[in-house]
Amino acid sequence: MCGIVGYIGKRDVAPLLLEGLQRLEYRGYDSAGVVINSPKSGALKMVKAKGRVRDLEARVPKRFTGTTGIAHTRWATHGAPSDVNSHPHLDPENKVAVVHNGIVDNAAELRVKLEAEGVVFASETDTEVITHLIARSQADSLEEKVREALKVIEGTYGIAVMHADFADRIVVARNGSPVILGIGEKEMLVASDVAALIAHTRQVVTLNDGEMATLKADDFRTYTTSGTLTNATPETVEWEAASYDMGGHDTYMHKEMSEQADAVDRVLRGRIDDRFSTVHLGGLNLDAREARGVRRIKILGCGTSYHAGMIGAGLIEELARIPADAEPASEFRYRNPVVDPDTLYIAVSQSGETYDVLAAVQELKRKGARVLGVVNVVGSAIAREADGGTYVHAGPEVCVVSTKCFTNTVVAFALLALHLGRIRDLSVADGKRIIEGLRKLPGQISEILAMEPEIEKLAKEYAGAQSMMFIGRVRGYPVALEASLKLKEISYIHAEAYPASELKHGPLALIEPALPTVAIVPDDDLLEKNRAALEEIKARSGRILAVAHREQEKADHTIVVPKNEDELDPILMGIPLQLFAYHTALAMGRDIDKPRNLAKSVTVE
């Protein structure tokens, strides 16, 4: 949530910061602001605006020049979107500027205390508390001023701080919200996401929780919040700047959907072992003896990652015959769960920074559990906290709603399930069968993407619906959940997903001609059961759009997808419904890459 970018060097900073904010706008887009240190006056100059980064850019004066600055694009938590609630936040003397991602849990308490001391707050935000704490510190250095403030802060933060009296530096700190340093040639950058850095440098340092850094134009140093120096070594970012561009597409979502065949090929590449009909997943740090000792698997994720985990749990049960289930990480960590030493926990997050998932991982580690991570971003917090895991290699995903990362995450679970299955009781023949199915996926995905014109026509036909029902059974139910979520996220059409078997236990009361149903109907051993559900809907005059492997007589329309192995079919059946949600939203004039009220990386509770 929210985006931070900062720079110190010799270049004119305002255009650079605005460009960085444009690249980070998917992390929050209800307001934005920028502050620079003017070399002539030695004072901080700031511009803020409610709305998008383009609204901020329109307000920046032509003579807004400097060589040091920090900027922010906001996703509101404390205080409604407004000019005054936008970041950065300055103290009354315009000496201290702060940008902040996260939430200060004890902000109300600190606010009362500061007001009693005579502080007058200009905004409703929790972040302004940090600004006043730093401004009122009597410490001799900016580093110590920030450290003193952080000692009384409870909650999560990724912050960048400038001070007019310490114009040669930017001080940053992290606890639960990403902070990444970009190491340049006589210039330094900082951001909450590598997307804002990649056009300027591929050398980065990712701060750990409890770490701070001081950036100067020709140097940086990292240290803990208690002052102990840390030996941070820059790493090279895998992706280039072009990976974050639209590449000729109208939206990032469309680009990312179109990349799915290549992305799946990438997650499979180098991992298949034909000799033993299995796969290599070297990062698991789980040998065969330990894998055989696992008695249960619990998968934790949020939103789309949770749905991917549900499909993953089904794959693990089918192929490895290990009891497995998925649960929202946001619920798991608050119900005082029983942590079983024979249970393997798997944390799923696209960004690797999702706060609810990260907090669950930290709680599990505290209780002695073994935790694996399934994430997309190399070196992210969950990847570092987990005992092992696997990367999904989907590549950068900028659109707020996930498409290619969801698909690659499910494929990664298929690889994990096959790996565990071959260690246990899955036969060579079944291992070979699944591998052949995995190899077919990129080509079959391309076939589905080529159906886009047909799906676009269907989307326009259903775009007038006020509400939609999605149903699926066993393997199809998580597909229905994810498809329902996609439609809600970008079209704002109300949608619900149910197991097809549950229709007669209540949801049938909703069926009428005005409520279309999208049915997942794979050609497997439950085909006739699913067809019976279509009969129930049709008997009540409901409209049906089926996603199936053959035309469905009772459906008004059928999207026919290629058949793979039964276990792998869910990977393919969700892709046409991504296109369906996209073209429905497009027909309704929605802002597809930036749906209202949402942000890409959820680093707050």
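Let's start with the buried side of helix α11. In this predicted model, the residues of α11 that count as buried are Y355, D356, V357, L358, A359, A360, V361 and L364. What lies over them? The cover includes two helices, α10 (329-332) and α12 (381-385). It also includes the strands β18 (296-301), β20 (343-349) and β21 (370-375).

Just after α11 comes G368, which has a positive phi of about 85°.

## Helix α13, an enclosed helix

Next is helix α13, made of residues 404-423. Its 20 residues should span 28 Å at 1.5 Å a residue, and the end C-alpha atoms lie 29 Å apart, which agrees. Is α13 largely enclosed or largely open? Of its 20 residues, 19 are buried, so the rest of the structure largely encloses this helix.

## Where α16 meets α19

Now for two helices that pack together. Two packed helices are described by the angle between their axes and by the distance between those axes. For helix α16 (residues 476-491) and helix α19 (residues 575-587), the angle is about 20° and the axes are 9 Å apart. Angles under 35 degrees count as roughly parallel, so α16 is roughly parallel to α19. The crossing of α16 past α19 is right-handed.

Which residues make this contact? From α16 come A483, K486, L487, I490 and S491, and they meet L577, F580, A581, Y582, T584 and A585 of α19. By type, the residues of this contact are eight nonpolar, two polar and one charged.

## Where α14 meets α19

Helix α19 has a contact with helix α14 (residues 428-449) as well. Here the axes come within 9 Å and cross at roughly 30°. That angle makes α14 roughly parallel to α19, and the crossing is right-handed.

On the α14 side, the contact is made by I445, I448 and L449. On the α19 side, I575, P576 and L579 take part. How do these residues divide by type?

Technical notes
Residues are numbered from 1 along each chain as its sequence is written. This is a predicted model: local features need pLDDT of at least 70, side-chain atom pairs count only at pLDDT 80 or more; totals for chains, interfaces and linings use all residues. Side-chain values use heavy atoms; hydrogens and water are left out. Axes are lines fitted to C-alpha atoms, for helices over the stretch in contact, and angles run from 0 to 180 degrees between N-to-C directions. Helices (H or I, at least four residues) and strands (E, at least two) are DSSP runs, numbered from the N terminus. Angles under 35 degrees count as roughly parallel, over 145 as roughly antiparallel, 65 to 115 as roughly perpendicular and the rest as oblique. A crossing is left-handed if the near helix is turned anticlockwise from the far one by less than a right angle, and right-handed if clockwise. Contact means heavy atoms within 4.5 Å. Ala, Val, Leu, Ile, Met, Phe, Trp, Tyr, Cys and Pro count as nonpolar, Asp, Glu, Lys and Arg as charged, and the others, Gly among them, as polar. Buried means under 20% relative accessible area, exposed over 50%, partly exposed in between (1.4 Å probe, protein chains only). The expected span of a helix is 1.5 Å times one less than its number of residues.
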